[in-house]
Amino acid sequence: MTTQFDHIYHGLNPNVGKFRVAASGMAWRAEEMDTTVAISGPDIKWAQWLRVARNFQLRVGLKDRKRETFDGFMREDHDKVAGLMKQHFGITLETKDVTFKGWNWGVADVQGQDLAFLVSNKTAFELPLQQVANSNIAGRTEVSLEFAPSDQKPSKRAPDEMVEIRFYIPGTTTKGGRTSEDGSQKSDAEDEGEEMSAAQAFHDSVKEKAELGEVAGDMIVTFDEVLVLTPRGRYDVDMYPDYLRLRGKTYDYKILYSSVSRLFLLPKDDLQVLFILALSTPIRQGQTRYQYLVMQFSREEEITAELNMTEEEVAQHDRLKKSYEDPTFEVVSSVFRALSKKKIVGAGSFSSRDGHPGIKANLKAVQGDLFILEKYIFFVSKSPVLIELSDIHQVVFSRLGQGMAARTFDLQVVTKSGPEYTFSSINKEEHEPTEAYLKDKKVRVKNEMLQDVDLLAGAVDEDDEDEEMASVGSGDEVVKTRGGDSESSEDEDYAISGDDSGSPSESDSDEEGAATASDASGDRDFIKPKGAKGKGKAKEGGTGKKSKAKAKAKAQESDADEDKPKKKAAPMPMPKKTEDDSMDVDEPSTSRPKPKPKAKPKAKEEEEDEPPKKKPKKSED
């Protein structure tokens, strides 16, 4: 007699099916897919009933320490299921208590293949350790567990999946200690063992339990102390038939070969080679995702490796050998190519000025190597960027802000999918081979370098014109003054030379001294405009006719007052000086007089008439 239950789920499978129980065993069959799970009666050892997210679950334990779970049972199905277990298999259905408090603190306990989180000695939730892909210590007291995503293709109807959970585990413990009860049974020597953090002990326990399904003999080969640039560190690379494991001091990663999408083997320079894995499922360090695994090897480094495989197993893989004695990068790349069944992308026909397939470039503030391959443009740095040539809409060469003397240029890649990348600080000698190679690959190329030079040259000319206009505008008043004063000064000099009779006299010397004084006063008041020309004339322009007349009046006054005491002769409190010195220190007027061009005879009349008018006033003072 067979009993059937509808709308039952198997494990974490999102597909619903039918569950049947008979004397020979039990089986589950999906409704939409041709999937069947059958369990023989003699293999069933125990059964549990517990509350889960999808109603109630029947958990069945098998003799090989495995278990199967079936969700979707209703509460009223408990008695019927318990009777079937007792009738057909002779086992008692155990009810497992589950807490619903919702507390986020409790005890983490490893129970078989599950990690149970207990609150008040009741199970809050369980995590299958077989699904753990990676365990990391985030800080000193946090342990992060990452879970491998399902193999199902993403779709709109796909359910949400948990990808990471973190546990905060403070305190310390002794190495090898599990619980307080175990510690009480140990000897004093064992109690004094090596002390370690509780987070580290939990991390080691999870790693050990998560690898229960693998046998040590299944490891094919191990590469020790491999330098990994992204994520940076040195890791031991363990190669298994279905996955590889990176073991570092802080982080461990489990990477399935099915998640490796591409392999690259690129020469960085004459001494080093890069081996890069492109991953469809990025590995994580906290919030940081790494889609590319970049390894670096030395060309001269060699290794001897023996694969833990039979000759028949080696023959099943393409280009795989039983033993190797070759450069390390060749051995690693050969093993990865055989186990992942992916082709290796090597350097193309592009060659830089140094004969390398890559050139130095910057992407924003990150420096790296820009490899131009047959089908890709690959920028290898801390954050690698891979661009397919078929996805490129346009490549723009530009050289901004440096003119004809530019030593570098920028390479802007505009993709059809949307993102734009600007690679800067590329040596100008790489421009011609890069442009020629991209044109040969039928990539649309736009060269703005010559246009930028023309625009820069025009901008320089405009700047020069702006500077000249600014200098003229700022010194407009000075230029006007210079024009008027130059004419008057030339006329006055000509007039003075015309009156010279050829014999020296006191009046002539005084006039010369007055001119010197006026020049000095003009130098004090005159502000040199930037970019103004004719400095000599501008200084002479500062001595107007009135100032020259005043100087001449001073000279005549000094001649007339030679016999008078010096105290009365000096109207201003000044130290005793010679006649020439007294003329030299005449204090100029605070505001510069604006010269007015007049006729020559009128200028002479002013020189003769003005001093007598001012002389009595000054003498009276």
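## Salt bridges at the surface and below it

Asp326 and Lys321 form a salt bridge, with their closest N and O atoms 3.6 Å apart; the term is used when a side-chain nitrogen of Lys or Arg lies within 4 Å of a carboxyl oxygen of Asp or Glu. Asp326 is partly exposed at 23% relative accessibility, and Lys321 is partly exposed as well, at 42%. Here, buried stands for under 20% relative accessible area, exposed for over 50%, and partly exposed for what falls in between (1.4 Å probe, protein chains only). Please keep in mind that this is a predicted model, where local features need pLDDT of at least 70, side-chain atom pairs count only at pLDDT 80 or more, and totals for chains, interfaces and linings use all residues. Residues are numbered from 1 along each chain as its sequence is written, and side-chain values use heavy atoms, with hydrogens and water left out.

How exposed are the two partners in the bridge between Asp369 and Lys360? Asp369 is buried, with a relative accessible area of 7%, whereas Lys360 is partly exposed at 48%. Their side chains meet at 2.9 Å, N to O. Elsewhere, Arg353, Asp354, Glu429 and Glu430 are linked in a network of salt bridges. A search of the whole structure finds 19 salt bridges.

Helices (H or I, at least four residues) and strands (E, at least two) are DSSP runs, numbered from the N terminus.

Thr123 lies in strand β11 too, and is buried with a relative accessible area of 8%. Which residues does Thr123 touch, not counting those up to four places away in sequence? They are Lys96, Asp97, Val98, Thr99, Phe117 and Leu118, where a contact means heavy atoms within 4.5 Å.

Strand β4 (residues 36-40) has Val37 and Ile39 on a covered face, and Thr36, Ala38 and Ser40 on an uncovered one.

## Tyr9 and its contacts

Tyr9 belongs to strand β1 (residues 3-10) and is partly exposed at 24% relative accessibility. Leaving aside neighbours within four places in sequence, Tyr9 is in contact with Pro14, Asn15, Val16, Trp28, Arg54, Thr69, Phe70 and Asp71. The C-alpha atoms of Tyr9 and Phe19 are separated by 8.6 Å, the two residues being 10 apart along the chain.

## The chain as a whole

The chain holds 15 helices and 34 strands, and buried residues make up 37% of its 621 residues. Among contacts between residues at least 6 apart in sequence, 48% join residues at least 24 apart.
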